[in-house]
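Please review the briefing below alongside the sequence and the coordinates. It covers the overall make-up of the protein and then turns to one element.

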Amino acid sequence: ATGPEQEAELGARYALALCQVGQKQFDKASAELTKILQVKPDYELADKVYYEVGHAMVEQDKLDDAATAFRTLAEKFPDSSLASESWFQVGRHHEQKSESTEDENAKKTELTQAADAFSKGLAKAESAELQFTSSRYISWYTFLMSWACFSCCVKPCRSLWLRLSFP
């Protein structure tokens with residue numbers, strides 16, 4: 001199918017995928033959404049498709065795939081209303097990866113990538129809540145990266161920081 005027929009088919013696939021998300025059939029939804037992007041990478045709702053793929057992947061605990069979907073959305077569609085939240089999701093992914101490694105260099109790399117993603121999201125953020133949250137994370141990672149006692153204090157200090165910053 002081409003033209004209007006293809007758009008109608010892709011619209012039906014997108015609607016089906018959203019129903020599958022609603023039914024918590026995330027594997028089927030992500031497959032359907034990915035198929036849309038394979039058929040027509042420049043689909044008119046591609047930013048929303050990537051966003052839904054990202055969240056479906058999170059629900060399936062495929063966090064690297066989720067981060068890839070969110071990063072792709074933010075990079076391919078920087079003017080999308082979903083770009084800032086996508087950068088935030090990428091930042092959270094790197095933060096989680098930093099917490100799961102004991103290697104100090106890997107941890108610093110992940111935190112640097114997290115701060116970079118949060119900065120990009122902050123630049124695009126329209127909601128005050130996302131602006132506030134992103135700026136808090138950026139300040140936290142900047143603090144951590146400059147701290148000499150990096151490895152032994154991250155979790156206790158982060159716990160205290162979260163209690164003080166997000167009452």
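What does the accessible surface of the protein come to, and what percentage of it belongs to carbon and sulfur atoms? The surface comes to about 9,200 Å², with 53% belonging to carbon and sulfur atoms; such areas come from the Shrake-Rupley method with a 1.4 Å probe, and for residues only the protein chains shown count as cover.

This is a predicted model, in which local features need pLDDT of at least 70 and side-chain atom pairs count only at pLDDT 80 or more, while totals for chains, interfaces and linings use all residues. Residues are numbered from 1 along each chain as its sequence is written, and side-chain values use heavy atoms, with hydrogens and water left out.

**Overall make-up**

- The protein has eight helices and zero strands, where helices (H or I, at least four residues) and strands (E, at least two) are DSSP runs numbered from the N terminus.
- Of the 167 residues in the protein, 40% are buried, meaning under 20% relative accessible area, with exposed over 50% and partly exposed in between (1.4 Å probe, protein chains only).
- Among contacts (heavy atoms within 4.5 Å) with a separation of 6 or more, 51% join residues 24 or more positions apart.

**Helix 3**

- Helix 3 spans residues 46-59 and reaches 20 Å from its first C-alpha to its last, close to the 20 Å expected at 1.5 Å a residue; the expected span is 1.5 Å times one less than the number of residues.
- Helix 3 is mostly covered, with 10 of its 14 residues buried, including Val49, Tyr50, Tyr51 and Met57.
- These buried residues of helix 3 pack against helix 1 (3-22), helix 2 (26-39), helix 4 (63-76) and helix 5 (83-99).
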